[in-house]
Amino acid sequence: MNHLERLAERVVNDPLFLAFALSLFAKSEQLDDKALAIKLGCTRENLAMIRLCRFPELDPMAFSRDIDLIAARFGADPSALGQAVRRGQVLAKFRAADVPERGTLLAAREDDRNENQP
């Protein structure tokens, strides 16, 4: 592990950095660093740099702009990066609300199925 990867590990629990959202996303998809880099379309070396970026602004236009800039700078797919960060953000909200992620999502799916039945 190089010094940038160690630094990224130190900020993984800080919601001000992308490391936080990407960690939650990776856990939800059961992705290791290699698989996460592939999913984001970047190298493992650049993955550490992406993790060290500040979390984008929340305004949708600013969020897209920030994601595009980060993706362009570090050779990632902006769509994949944006989706991963948004998913991590949602998972963080579940975590903050102390809601069990899997059970909640399963319950929502069951409700959807029940609505479709007469």
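In which helix is the place of Q89? In this predicted model, Q89 lies in helix α6, which covers residues 78-96.

**Overall fold**
- From the N terminus on, the order of elements is α-α-α-α-α-α-α.
- The protein has 118 residues, of which 36% count as buried.
- Considering contacts between residues at least 6 apart in sequence, 57% join residues at least 24 apart.

**Surroundings of Q89**
- Q89 has a relative accessibility of 15% and therefore counts as buried, the limit being under 20%.
- The side chain of Q89 forms a polar contact of 2.8 Å with the side chain of R86.
- Leaving aside residues up to four places away in sequence, Q89 touches A21, F55 and L58.

**Packing of α5 with α6**
- Helix α5, made up of residues 60-74, packs with α6 at an angle of about 125 degrees, and the two axes are 9 Å apart.
- The two helices, α5 and α6, are therefore oblique to each other.
- The crossing in which α5 passes α6 is right-handed.
- On the α5 side, the contact is made by P60, F63, I67, D68, I70 and A71; on the α6 side, P78, L81, G82, V85 and R86 take part.
- By residue class, this contact of α5 with α6 comprises 8 nonpolar, 1 polar and 2 charged residues.
- R86 belongs to the contact between α5 and α6, and the side chain of R86 is also joined to that of Q89 by the polar contact.

How values were computed. Residues are numbered from 1 along each chain as its sequence is written. This is a predicted model: local features need pLDDT of at least 70, side-chain atom pairs count only at pLDDT 80 or more; totals for chains, interfaces and linings use all residues. Side-chain values use heavy atoms; hydrogens and water are left out. Helices (H or I, at least four residues) and strands (E, at least two) are DSSP runs, numbered from the N terminus. Buried means under 20% relative accessible area, exposed over 50%, partly exposed in between (1.4 Å probe, protein chains only). A polar contact is a pair of N or O atoms within 3.5 Å; within protein, one must be able to donate a hydrogen and the other to accept it, and residues adjacent in sequence count only if both atoms are side-chain atoms. Contact means heavy atoms within 4.5 Å. Axes are lines fitted to C-alpha atoms, for helices over the stretch in contact, and angles run from 0 to 180 degrees between N-to-C directions. Angles under 35 degrees count as roughly parallel, over 145 as roughly antiparallel, 65 to 115 as roughly perpendicular and the rest as oblique. A crossing is left-handed if the near helix is turned anticlockwise from the far one by less than a right angle, and right-handed if clockwise. Ala, Val, Leu, Ile, Met, Phe, Trp, Tyr, Cys and Pro count as nonpolar, Asp, Glu, Lys and Arg as charged, and the others, Gly among them, as polar.
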